[in-house]
Amino acid sequence: MRSLLLDRIEMLVTWDDGLPVRRDAALLVEDGVVAWSGPAAEAPAADDRLDVAGGCVVPGFVDSHTHLVFGGDRTAEYEARLAGKPYAAGGIRTTVAATRAASTNELRRRARRLAMEALRSGTTTLEIKSGYGLTVEDELRCLQVAAELTPHVTFLGAHVPPDVAVGYIELVTGPMLEAAVGVATGIDAFCEEGAFDVDECREVLGAGAARGLDVHVHANQLQPGGGVQLAAELGALSADHCTHLTDADVAALRESGVVAVLVPAAEFGAGSAYAPARRLLDAGVTVALATDCNPGTSFTTSMPFVIALACRQQELRPMEALRAATLGGAAALGIDAGHLRVGAPADLVVLDAPSPTWFAYRPGVDLVRAVLRGGQVVR
Ligand code: NIG
Ligand code: FE
């Protein structure tokens, strides 16, 4: 493969241990990985050159929480919310009906479009959950579509109880889990009033963990509850949402090392309070930022938008938000990604901006000039 030198970089973010951020830099890509980075004046020769022209280069985003596979949309519900009707978990069933009615090809076409949209906005690593099928067959269809788009697939059979919910936990922990194992890498459950209680989630997540799946929990989204404590108890990789936290929840996250995946675009969409990101970071909790892309609360694939919200609404400094959107996401998935250290895959974003502050300073403006994944220019 031809080597590529990115030069005239005003700000290069590698998250290198020694020098995480470098000014006036260059970066060399060889065989799909970062082969060298350093001062622009010392840049080695390469076959091809990409002139960053005073912009910045950052690691590709790691979006660790999405629900990309679904049928239909919920415009009417969103309009009602804009008119003051609060968000409730029950709306999920509207999407379940539309997902079941959609052909697998239709689900595939739509999910692929969203995954491409995410990639074009700089997301080079993506997690996708099921959760809008809720039968063995429909969950499996959704998981298989997700697996065509990413290696990070999460089984969310415990999203909401379906209309006939008798015996549903047995179904999720039995035949549905059996079908999911082999396709999914993780398991998740929505621990919330109107969804599943702590004991039900413990049963579902424990069954998944016993089959080798990574554990994630939709926790403390709509009100305080036991989701975060359950994530800590189970040694989950992540507790997601974390909108309503007590001091004991924050302490549990810190002590357990569970990553808090924050999804401010869902809070924007639901018109709710924002998760206490500043409090979590100050307490020493590992924080990730994700889109939560789904048709109910957060119909966006844009990590730049999420970073802007985290800076403006959650008191994160721009570099903290960028770290949460890259390294934080990787921690939530338990993978080595989200950085540009020598030897890492060249998954990166070239920005028409002198620093990541511009995500918040120029909100809603497309600042992405190029995206590389595995060293290939994909945009
Ligand atoms: O993460 N909380 C549960 N699931 C989604 C919402 C799903 C929906 O409303 O369709 C979320 O916000
Ligand atoms: Fe979610």
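Just after helix H7, Gly235 takes a positive phi of about 65 degrees. Helices (H or I, at least four residues) and strands (E, at least two) are DSSP runs, numbered from the N terminus. The model is predicted: local features need pLDDT of at least 70, side-chain atom pairs count only at pLDDT 80 or more, and totals for chains, interfaces and linings use all residues. Residues are numbered from 1 along each chain as its sequence is written, while chains are lettered from A and ligands numbered from 1 in the order in which they are written.

Helix H7 spans residues 227-234 and is largely enclosed by the rest of the structure, because six of its eight residues are buried. A residue is buried if 20 or more other C-beta atoms lie within 10 Å of its own, exposed if 12 or fewer, and partly exposed in between, with C-beta atoms placed from the backbone. The buried residues of H7 are Gly227, Val228, Gln229, Leu230, Ala231 and Ala232. Their cover includes strands S9 (186-191), S10 (214-219) and S11 (238-241). Helices H6 (198-210) and H8 (247-256) also belong to this cover.

Ala147 lies in helix H4, residues 136-149. Ala147 has 16 C-beta neighbours inside 10 Å and therefore counts as partly exposed. Its contacts, leaving aside neighbours within four places in sequence, are with Val153 and Val183. Two residues are in contact if their C-beta atoms, placed from the backbone, lie within 7 Å. Ala184 is 37 residues from Ala147 in sequence, yet the C-alpha atoms of the pair are 7.7 Å apart.

The protein chain divides into domain 1 (4-59 + 340-377) and domain 2 (61-333). These bounds come from an automatic or database domain assignment. The C-alpha centres of the two domains lie 30 Å apart. Domain 1 brings 15 residues to the contact, and domain 2 brings 16. On the domain 1 side, strand S5 (56-59), helix H13 (358-361) and strand S15 (368-373) each supply at least two residues. S15 gives the most, with three. By class, this side holds twelve nonpolar, one polar and two charged residues. Ala, Val, Leu, Ile, Met, Phe, Trp, Tyr, Cys and Pro count as nonpolar, Asp, Glu, Lys and Arg as charged, and the others, Gly among them, as polar.

Ligand 1 is surrounded by 13 residues. A residue counts as near the ligand if its C-beta atom, placed from the backbone, lies within 6 Å of it. The closest are Ile92, Ala266, Asn294, Gly296 and Thr297. The shell comprises four nonpolar, eight polar and one charged residue.
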